[in-house]
Amino acid sequence: MQRSNIYILVFSAIMTVLIGGAMSLTSVLLKPAQDKQVELDTKKKILGAVMDISTFNTPEEILNLYKARVKSVVVDIEGEIIATDEKGNPLIAEKVNAQKNHKIDREERLYPIYMILNESDPNVVEAYVFPMFGLGLWDWISGYVALESDLNTVKGVAFDHKGETPGLGARITEEKVRNRYKENKKIFSDAGNLESITMVKGEGITGLSMHEVDGLSGATITAKGVNKMLKEYLGCYQNFIKNTKGQNGIAIN
Amino acid sequence: MSAEATVVEKELKVEKKPAEAFLSKRRKNIVTDPLSDDNPITIQVLGICSALAVTVKLEPTLVMSIAVVFVIVFANLIISLMRNLIPGRIRIIVQLAVVATLVTLVSEFLKAYSYDMYKVLGAYVGLIITNCIVMGRLEAFAMANKPYDSILDGLGSGFGYAWIILTVAFFRELLGSGSIFDFKIFEAIGWTTFPTNGLMVDSIGAFVVLGILIWIQRSKSGYVEH
């Protein structure tokens with residue numbers, strides 16, 4: 001039926017207020033639960049890069065393990081530790097937004113580093129986990145690369161993505177693909193130059209060097225994105241790695 | 001809204017008409033028609049994009065089905081309650097606003113309580129807004145029918161959509177990944193060399209399975225496009 005313009009305007013206004021109110025209310029109410037989920041997800045990925053966490057069932061177990069075994073710092077491109085942000089608040093590595101961070105200049109970025117401590121001796125670092133961020137085929141990809149205490153051998157990786165194709169590019173999150181990085185791959189050449197790790201084109205390739213892993217058939221662009229991400233970020237972490245090497249895995253304070 | 005419904009009920013009482021049975025034949029048909037003879041996917045060919053996109057594995061498909069049923073039922077109910085208040089000239093945008101609100105709710109709840117599912121389905125849940133089934137039911141049914149009938153209609157269309165995408169997902173996961181709900185079925189029965197089919201993981205697999213389903217259904221019901 002035909003209604004007057006005034007009716008339509010009032011109706012729209014009421015609808016807008018009602019819907020807007022409902023939306024903001026839900027958003028406010030659910031925010032704490034959502035933040036918790038994001039935090040848990042980040043911690044799962046950090047731990048997942050170095051150990052098998054599939055046996056943990058409850059979120060509490062993972063959070064407790066994280067609390068006991070992980071120490072984090074934030075460094076700049078020179079590898080120097082930054083303790084506070086420009087406002088003087090303490091910097092927390094877990095709170096650094098990788099996506100926002102990625103958009104700023106390489107020299108200006110914050111680089112969080114997670115140190116996995118030895119179970120019996122918390123002064124010994126077992127592994128270093130380096131978060132990174134890049135672009136896949138459709139949207140962003142992110143990764144956590146864990147290095148052994150020699151800061152050269154890859155201990156494990158964990159990848160995440162926003163919109164890679166399931167069964168193709170999205171396979172970077174599969175254990176089978178992630179395990180390819182664990183086969184004694186090294187990021188430095190014997191001469192000490194940073195080589196990073198490259199995922200080759202094609203799948204089922206044998207005779208790979210210690211800087212190469214088998215590729216993803218049908219997902220060359222995702223693989224290229226992963227390679228670029230690793231190369232770029234390992235380059236950014238290089239100063240920290242060189243400074244820390246030779247300290248025999250003593251946890252820095 | 002509800003006050004109006006009571007008025008209608010009173011009128012019925014005045015006329016001494018017997019109230020329609022809770023599940024009369026007509027109402028049963030509202031639910032059962034979209035399940036097979038008037039299925040939103042196989043007969044009306046609506047909601048195909050999401051049917052192709054989310055059906056790689058059964059688990060996300062199940063979550064998607066629940067989300068779509070929830071959105072259709074509540075959108076139908078809300079629009080039906082407001083149907084006499086909505087100005088005709090802006091009805092589409094009002095329907096869209098209601099659907100978008102419900103979808104955002106689903107998405108926010110997934111993010112808060114099932115983050116892994118949110119990561120898998122995130123983009124697709126948002127796309128329920130553009131799922132033609134939802135808008136189609138609002139415009140074709142809820143705008144002209146009472147709330148209770150609209151709920152039934154929503155359930156019918158929702159489950160009609162759900163069972164088709166679950167069937168597609170069942171075959172795609174079984175043949176594409178060799179598993180059901182991530183349980184490696186072929187390995188469990190000792191067939192470790194089961195050749196998984198990469199085509200099934202791709203959207204092409206969904207087209208094939210969906211095409212076969214439509215074919216079976218239409219040859220059974222004798223429905224022909226004119």
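**Entry 1: two helices in chain B**

I started with helix H8 (residues 147–177) of chain B and helix H11 (residues 203–221) of chain B, whose axes come within 10 Å and cross at roughly 130°. I take axes as lines fitted to C-alpha atoms, for helices over the stretch in contact, with angles from 0 to 180 degrees between N-to-C directions. (Under 35 degrees counts as roughly parallel, over 145 as roughly antiparallel, 65 to 115 as roughly perpendicular and the rest as oblique.) Helices here are DSSP runs of H or I with at least four residues, strands are runs of E with at least two, and both are numbered from the N terminus.

A note on the source: this is a predicted model, where local features need pLDDT of at least 70, side-chain atom pairs count only at pLDDT 80 or more, and totals for chains, interfaces and linings use all residues. Residues are numbered from 1 along each chain as its sequence is written, while chains are lettered from A and ligands numbered from 1 in the order in which they are written.

Which residues meet? On H8(B) I found Ile164(B), Thr167(B), Val168(B), Phe171(B), Arg172(B) and Gly176(B), and on H11(B) Gly205(B), Ala206(B), Val209(B), Leu210(B) and Leu213(B). Contact means C-beta atoms, placed from the backbone, within 7 Å. I sorted this contact into 7 nonpolar, 3 polar and 1 charged. (Ala, Val, Leu, Ile, Met, Phe, Trp, Tyr, Cys and Pro are nonpolar, Asp, Glu, Lys and Arg charged, and the others, Gly among them, polar.)

**Entry 2: another pair in chain B**

Next I looked at helix H4 (residues 58–82) of chain B and helix H6 (residues 115–126) of chain B, with axes that come within 10 Å and cross at roughly 50°. H4(B) contributes Pro60(B), Val63(B), Met64(B) and Ala67(B), and H6(B) contributes Met117(B), Val120(B), Leu121(B), Tyr124(B) and Val125(B). I got 9 nonpolar, no polar and no charged residues there.

**Entry 3: the sheet in chain A**

Chain A has an open sheet of 5 strands in the order S1-S2-S3-S4-S5, with antiparallel pairing. (Strands pair if DSSP finds at least two bridges between them.) S1 (70–75) and S5 (154–161) of chain A are at the edges with a single partner strand each, so one side of each lacks a neighbour in the sheet. I also saw that 6 bridges join S1(A) to strand S2 (residues 111–117) of chain A, and that Lys71(A) has Met115(A) in S2(A) as its bridge partner.

**Entry 4: between the chains**

Last, I found 21 residues of chain A in contact with 21 residues of chain B.

Technical notes. Contact = placed C-beta atoms within 7 Å.
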